[in-house]
Structure formats: C-alpha cells, structure tokens
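Biologist: Hi! I'm new to this one, could you walk me through it?
Modeller: Happy to, let's take a look together.

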Amino acid sequence: MTRFSTVKSFLALVLLTASIVAPAAAQVQPDNPFPRVVFVTSAGDITVELNREAAPLTVENFFRYVKKAQYNGTIFHRLVPDFVLQGGGYDADFQAKPTFETIVNESGNGLLNTYGTIAMARERKPHTATRQFFFNLNENTSLDPDSGDWGYTVFGRVVDGLDVLEQLAKIESLPYDKETGWRDVPAEPPVLKRIEVVPAN
C-alpha cells in the first residue's frame, strides 16, 4: 500500500468516526468551539475549556459520556506524582464502567501535554481511547507525538481550579495496591461527583 493510499484510508476512518460520534453529542453547544465543563470533585471544582477545533472527535466522544452521566461517581484511580492524575473509568469499588467504541487518535492536533491540560488515556495501540482521561501534572513531552509515533490526545485545559488539581496531586499514592494489584493507586481515591456543562455566553 502506498503512503498516499494509507493517508486516504486514515482520512476515511476519521470521517466515518465523525459521522458516528457527532450526532450523539450534537445537542451540546454544537456552535461553540471552546465549550467549558466543570469537574465537581470531592476536593473542589475544576473548570476545563475543551478544544473542539483541535480535537473534534475526542470532544464529541467525551460529551457522549457526560450527557449520559457516565462520569458521575467515578474515581481518580491512578496518580503518578509530577506526572498524571487519571480517572473516568472506574467506580468507587474499582469496577470498570461501560464504554462506547474506541476513537481515532488526534494527538497530532498541535496541542501538547503541558501542565494543566487534559488528555485521553489509551492502551499501547494508538486508536484505543474510550472514556478514561488524565490531567497532566507536569510538562509531559514524552506523551506528545514524536518522529511519527502517536502521542496522547490533548483536548482541553484547566482554566479555573488549578489549586484543586494541585491539592489532588498531593494525595498519597501507593506504589503497589495489594487489593487491586495496580500500581500508583491513591490511598484514598478522590471522587468525580459529576461533570457539568457551563452555559454558553
């Protein structure tokens, strides 16, 4: 397969995914390129401005879960100090929440994994993100695309509540949790009570 045909196939996949994802989230401020949401956590509120221009598929996918209240009552299950705070995928009993289909990786959109940004978590393969996200707690250049390798898709940034994010980042993290068998689990996982969409101006 030639490079040109590979690019054509990838673009076709992007368009197909857009046709699947966009209608489900069409009611969430479709004309607002930078909608805002509030993460209501057990430690306080964090306001995030999403970037629909740079990461349209990712933002629409995120809104699918928000509209169905699928993030309500989930926990931040992974905390790596000075690196990331990850959540959105498990309830307080560490049970996995249901997911929609995986989405196309948009990490080449020009948004970088800088401090205070939000990005999609995924498996090793690039197009495996579903519902989990993470906040960058540092300038994580290792998570950006590099020399043709896929990175982690940034789709927004914290615009209010960085102090709350910093408070969450200071929670004790267990290098290894015997109960779950996971690494980097907060000793007392903070709760994401809900995500609220901020009314457009």
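Modeller: Let's start with a strand pair: β3 and β4 run antiparallel to each other, paired over five bridges. Keep in mind that this is a predicted model.

Biologist: Okay, and which residue stands opposite Asp-91 in β4?
Modeller: That's Thr-74.

Biologist: What about the hairpin, how many residues are between the strands?
Modeller: The hairpin of β3 and β4 has three residues between the strands, and Asp-82 there takes a positive phi near 60 degrees.

Biologist: How many residues of β4 are buried?
Modeller: Seven of its eight, so β4 is largely enclosed by the rest of the structure.

Biologist: Switching topic: which residues of helix α3 are buried?
Modeller: In α3, which spans residues 162–169, Val-164, Leu-165 and Leu-168 are buried. Looking down the axis of α3, these buried residues fall within an arc of 100 degrees, so they line one face of the helix.

Biologist: And what covers them?
Modeller: The cover over the buried residues of α3 includes β3 and β4, along with β1, β2, β6 and β7.

Biologist: One last thing, is Thr-117 buried or exposed?
Modeller: Thr-117 is buried, with a relative accessible area of 7%. Its place is in strand β5.

Biologist: Nice. What does its side chain make a polar contact with?
Modeller: The side chain of Thr-117 makes one with the side chain of Asn-136, at 2.9 Å. A polar atom of the Thr-117 side chain also lies 2.7 Å from the backbone oxygen of Thr-114.

Note on methods:
Residues are numbered from 1 along each chain as its sequence is written. This is a predicted model: local features need pLDDT of at least 70, side-chain atom pairs count only at pLDDT 80 or more; totals for chains, interfaces and linings use all residues. Side-chain values use heavy atoms; hydrogens and water are left out. Buried means under 20% relative accessible area, exposed over 50%, partly exposed in between (1.4 Å probe, protein chains only). Helices (H or I, at least four residues) and strands (E, at least two) are DSSP runs, numbered from the N terminus. The arc is that of the directions from the helix axis to the C-beta atoms. Contact means heavy atoms within 4.5 Å. Two strands pair if DSSP finds at least two bridges between them. A polar contact is a pair of N or O atoms within 3.5 Å; within protein, one must be able to donate a hydrogen and the other to accept it, and residues adjacent in sequence count only if both atoms are side-chain atoms.
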